[in-house]
Amino acid sequence: MTSNQYNQYYSPTILKEFNCPSYVIEHSKAVMLKATYLALNFKGNVDLDLVKAGAMLHDVGRSQTNGIEHAVIGAKILEDNGFPQEIVKIVERHIGAGITRNEAEIIGLPPRDYLPVTFEEKIVSHADNLIHGTSEVDLDFVIRKWKNKLGSDHPSIPRIIKLHHELTGE
Ligand SMILES: [Fe+2]
């Protein structure tokens, strides 16, 4: 399969068809730009069309809820509508810097691993971290936000630092 198979999926029209509110669509466009930037500056081999499609659709579940389960719901929406598995997985694994099975159980998500595995999954989840609404933020901003929300010793903090380093070399 060629990477071109994904280019039909990075249109904001799809989000409109699934009734995403316009602020989600604007956020998703900003995440797509950031993900594209990360992908183009990444030394590993990445499918840019897949990154763009996953970034555009990552919050499709927010058509139904803004809760953390929007990732699971979004993945199900795409799965039910026959979208490629690679995009489904990007959506399912885009929360934070990933969620372990243990953490998922604690917060009431279906118990499985939601850690991003492929470079495309990692790039979309981190692009989303670095976009707040439609604005770009830096790693320090995100760490401060997560420490306030999750506690300063939450395992997500070292996880995002590692992810940022892997993707940007910083
Ligand atoms: Fe999201």
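A crossing of two helices is left-handed if the near helix is turned anticlockwise from the far one by less than a right angle, and right-handed if clockwise. I noted that this is a predicted model, in which local features need pLDDT of at least 70, side-chain atom pairs count only at pLDDT 80 or more, and totals for chains, interfaces and linings use all residues. Residues are numbered from 1 along each chain as its sequence is written.

**Entry 1: H2 and H3.** I looked up helix H2 (residues 22–40) and helix H3 (residues 48–57), whose axes come within 8 Å and cross at roughly 155 degrees. Helices are DSSP runs (H or I, at least four residues), as are strands (E, at least two), numbered from the N terminus. Axes are lines fitted to C-alpha atoms, for helices over the stretch in contact, and angles run from 0 to 180 degrees between N-to-C directions. H2 and H3 are therefore roughly antiparallel, a term for angles over 145 degrees. I found their crossing to be right-handed.

**Entry 2: the contact.** I recorded that H2 meets H3 through residues including Val31, Ala35 and Ala39, with Val51 and Ala55 among those on the H3 side. Contact requires C-beta atoms, placed from the backbone, within 7 Å.

**Entry 3: H7.** I then examined helix H7 (119–129). Of its 11 residues, 10 are buried, meaning that 20 or more other C-beta atoms, placed from the backbone, lie within 10 Å of a residue's own. Ile123 and Ala127 are among the buried residues. I noted H2, H3 and strand E1 (131–132) among the elements that cover them.

Notes
Angles under 35 degrees count as roughly parallel, over 145 as roughly antiparallel, 65 to 115 as roughly perpendicular and the rest as oblique. Two residues are in contact if their C-beta atoms, placed from the backbone, lie within 7 Å. A residue is buried if 20 or more other C-beta atoms lie within 10 Å of its own, exposed if 12 or fewer, and partly exposed in between; C-beta atoms are placed from the backbone.
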